[in-house]
Amino acid sequence: MNQSDRLKQLVSRQFEGDAVFLFWKGRVGLYAILKAWGIGPDDEVIVPAFTCVVVPNAVLYLGAKPVYVDVEEQSLNTTLRRIEAARTGKTKAVICQNTFGLSSEVDVIAGWAASEGLLSVEDCTHGFGGSFHGRPNGSYCDAAFFSSQWNKPVSSGIGGFVVARDAKLVKGLSKLESQLAKPRRSELVSLNVQLWARRKLLTDGTYWTLLKLYRWLSKTGVIIGSSSGEEIDSVTMPKNYFKGMSELQARTVACEIAKLDQHNQQRREAAVRYSAFLAGHGKYHVDAGLVEDHMFLKYPILVRNRDGFFRAAEKFRVELGDWFNSPLHPVQGDLSAWGLDIAGFPNARRIATHIVNLPTRSNSDRVVDFLNSQLDELM
Ligand SMILES: Cc1ncc(COP(=O)(O)O)c(C=O)c1O
């Protein structure tokens, strides 16, 4: 059996035998889901206004329109009430997100979508291996897409996969799978070198230097970055976008799945600790009721001055993340090309201005010491 079939089998086992499809990146999986459902010009897809820009991109590449909904400050996700208000006669699909490992009301949203004849898709790029109300993340909607990008629950540097359970969707995805291009040799060589560098060189002490180097090299196009310039500057589909997963990625993801339960347990423990510390100081934190069965890829906090906070963290050698420092991360400024006027989404705007994410798989004592030194900066 080749690595891809082995990975499909491994993932399918976690979802009661659902069909699994593999892609070069998670975003390509989302694009394939929407395409397989027949979404195209004049259709609308409901998307959270606090996401990664590649999500509305996948909708726009099909000629359809992303319709945004605001999120709640507590869950960083949207609600059925907001989705119902955004629905029009043109709505064909709704995307629920799992943000940093926290679920939206995915059970009620998926139930509502089914009763309305709409496609429901879970953006599970942050949530593989976690659960919500006792069922695995990714098991409520018609389909879910996952990412195995650098910082994700299982990582092959770049990569993504889809789990689908609707029969029409499975048929459409099977057809599309045969049309996927193969990754180029040069891309695989570059990915292999990056995976090696992460294994050998990445430590708490080298994190900031390597992050800056990675961002610079990917901007210059020397290495494969998470997103190409075109994906951030425009809404035109890059050439060479619709690609499948390589055997190198499939093998790496399969190895990571073996460690997933242990890693997610570590993530949950760190999250419980951060919540207790932040709640004890009256700061923004994820409520205990929400922590219960989530896993925390990252832990969100809100700070007054993000730049100053990052400078302090670098000195303290604590790995912070800046995910979603824009409602369509990482695009800064005008979002009109994506059809988003931020004035209409006050919660997303406020959160994006102040959010910072804490690591959940490095030394949490050190992170708590750092937070303790920055109490006045925490909101
Ligand atoms: C919420 C969200 N959705 C989708 C994606 C896309 O995943 P990928 O990078 O595997 O395409 C990301 C990216 O990291 C993300 O944060």
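Begin by selecting Ala181, Lys182, Pro183, Gly244 and Met245, which among 13 lining residues lie nearest the centre of the second largest pocket; a pocket is, on a 1 Å grid over the protein atoms alone, an open set of points with protein on both sides within 12 Å along at least five of seven lines, and lining residues have an atom within 4 Å of a point. This pocket has a volume of about 250 Å³, where a volume is the space filled by probe spheres set on grid points that are joined across faces, edges and corners. Its lining has 6 nonpolar, 3 polar and 4 charged residues, with Ala, Val, Leu, Ile, Met, Phe, Trp, Tyr, Cys and Pro counted as nonpolar, Asp, Glu, Lys and Arg as charged, and the others, Gly among them, as polar.

What you see is a predicted model, in which local features need pLDDT of at least 70 and side-chain atom pairs count only at pLDDT 80 or more, while totals for chains, interfaces and linings use all residues. Residues are numbered from 1 along each chain as its sequence is written, and side-chain values use heavy atoms, with hydrogens and water left out.

Next, select the ligand together with Arg27, Asp123, His126, Ser147 and Lys152, which come nearest of the 17 residues around it (a residue is near if one of its heavy atoms lies within 4 Å). By class, this shell has 5 nonpolar, 8 polar and 4 charged residues. Now show the distances to oxygen atoms of the ligand: a polar side-chain atom of His126 lies 2.8 Å from one, a backbone N or O atom of Gly26 lies 2.8 Å from one, and a backbone N or O atom of Gly159 lies 3.5 Å from one. The ligand taken alone exposes 390 Å², of which the protein buries 95% (accessible areas come from the Shrake-Rupley method with a 1.4 Å probe). Colour α2 (26-36), β3 (51-52), α3 (54-61) and β10 (143-147), the elements that give two or more residues to the shell around the ligand; helices (H or I, at least four residues) and strands (E, at least two) are DSSP runs, numbered from the N terminus.

Finally, zoom out to the whole protein, which has 15 helices and 14 strands.

How values were computed: Polar contact = N/O pair within 3.5 Å; in protein donor to acceptor, adjacent residues only side chain to side chain. 1 Å grid on protein atoms, 1.4 Å probe; cavity = no way out; pocket = protein on both sides within 12 Å on 5 of 7 lines; lining within 4 Å.
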